[in-house]
Amino acid sequence: MLTRALPYYEFSEGIYEIDEFDCVSVFVIVGEKRALVLDTGTGIGDLRWVIENRITDKPYDVILTHNHVDHIGGAGFFDEVFIHEADYDWSELELPVTVEERRWYANLIAGREDKSYIYSPETDITEWPKEPVKKVMKDGQVFDLGGRKVTVYHCPGHTAGECVAIDDKSRILFCGDACNRNFLPALKTSSVEEAAGTARKGLERIYAMKGTSFDMVYNAHHDYRGFASPLGENVLPDLIRCLKDLENGSADIREVPDPLSDDGGVRKVAVYGNVEVAVGK
Ligand SMILES: [Zn+2]
């Protein structure tokens with residue numbers, strides 16, 4: 001049996017963070033009539049059972065913030081998922097969403113954290129029972145949960161189809177990987193300057209809603225914030241500033257250990273405050 005021991009916590013009324021063993025966080029927002037699940041993790045253990053038996057018995061939709069393996073890895077355990085059209089095609093992903101890549105990623109994070117976990121990659125990361133039905137999610141799409149509405153915004157930069165979501169009741173911005181302290185721009189098909197420009201424009205549009213639509217930010221990885229705690233206030237504005245510096249060639253570039261390397265590799269990053277933007281090896 002897949003492990004059901006995924007840690008979770010209701011940190012705001014009707015809002016749960018589920019910790020997929022430090023690989024990623026999945027959020028569940030529960031309204032009066034429906035619920036909304038943000039991301040499906042790497043697909044470790046029985047996330048669906050936890051949602052349906054521990055968190056809510058209401059009907060729910062699943063949205064994927066973007067098409068990286070640690071966010072779509074559990075998609076095939078759900079019937080239907082929403083994703084932006086720019087991230088709709090999963091056929092040529094850098095890390096394909098296979099059992100092998102999902103295990104590789106989980107092992108990488110477990111090694112980085114140097115902890116022991118209750119799950120086993122061999123028995124708790126398994127083939128999907130089926131392909132999920134994919135539905136296209138649009139910029140501005142509203143999920144009315146009853147007593148609260150969650151609006152999705154397209155915010156490209158980390159991937160072409162990255163989306164963020166704002167819950168109007170808690171005034172929380174859920175930003176997926178669109179804003180992390182260690183931000184990874186999509187560098188596969190564009191230059192650093194272009195990728196930084198795309199991310200900066202996307203994030204400026206979202207940041208303009210600070211104080212009117214949202215007050216707090218939760219990103220999808222709690223390695224740079226406490227579990228169930230919001231991201232530091234400075235991260236979003238400092239990331240925008242760091243991206244601007246990259247666009248105009250004035251960024252402070254340094255070499256740091258690569259947190260996603262399994263052989264002690266380094267990478268180059270632009271630094272502003274405590275925010276880093278990866279710019280290459
Ligand atoms: Zn990602």
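Two strands count as paired if DSSP finds at least two bridges between them. Keep in mind that this model is predicted.

**Exercise 1. Find the order of the strands in the four-stranded open sheet, and say which strands stand at its edges.**

Solution. 
- Step 1: Follow the pairing from strand to strand, and you get the order E12-E16-E15-E14, with mixed pairing.
- Step 2: Look for strands with a single partner; these are E12 (182-183) and E14 (252-257), so one side of each has no neighbour in the sheet.
- Step 3: Now zoom in on E14 and E15 (residues 266-272), an antiparallel pair with six bridges. Within this pair, Val256 has Arg267 in E15 as its bridge partner.

**Exercise 2. Work out how helix H5 and helix H6 are oriented towards each other, and which residues meet.**

Solution. 
- Step 1: Locate H5 at residues 192-207 and H6 at residues 235-247.
- Step 2: Take the packing angle, about 150 degrees, and the distance between the axes, 8 Å.
- Step 3: Angles over 145 degrees count as roughly antiparallel, and H5 and H6 are therefore roughly antiparallel to each other. The crossing of H5 past H6 is left-handed.
- Step 4: List the contacts. On the H5 side they include Val192, Ala196, Leu203 and Tyr207, and on the H6 side they include Leu236, Ile240 and Leu243. Sorted by class, the residues of this contact are 11 nonpolar, one polar and five charged.

**Exercise 3. Describe the five-stranded open sheet, then its pair E8 and E9.**

Solution. 
- Step 1: The strand order is E8-E9-E10-E11-E13, and the pairing is mixed.
- Step 2: E8 (142-144) and E13 (216-218) each pair on one side only, which makes them the edge strands.
- Step 3: On average, neighbouring strands in this sheet are turned by 20 degrees against each other, ignoring direction.
- Step 4: E8 and E9 (residues 149-154) run antiparallel and are joined by three bridges. Here Val142 has Thr151 in E9 as its bridge partner.

**Exercise 4. Which residue takes a positive phi in the hairpin of E1 and E2?**

Solution. 
- Step 1: Find the strands: E1 covers residues 8-12 and E2 covers residues 15-19, and four bridges join them in an antiparallel arrangement.
- Step 2: Check the two residues between the strands: Gly14 has the positive phi, near 75 degrees.

How values were computed. Residues numbered from 1 in each chain as written. Predicted model: local features only at pLDDT ≥ 70, side-chain atom pairs only at ≥ 80, totals over all residues. Axes fitted to C-alpha atoms, helices over the stretch in contact; angles between N-to-C directions. Parallel < 35°, antiparallel > 145°, perpendicular 65-115°, else oblique. Left-handed = near helix turned anticlockwise from the far one by under 90°. Contact = placed C-beta atoms within 7 Å. Nonpolar A, V, L, I, M, F, W, Y, C, P; charged D, E, K, R; others polar.
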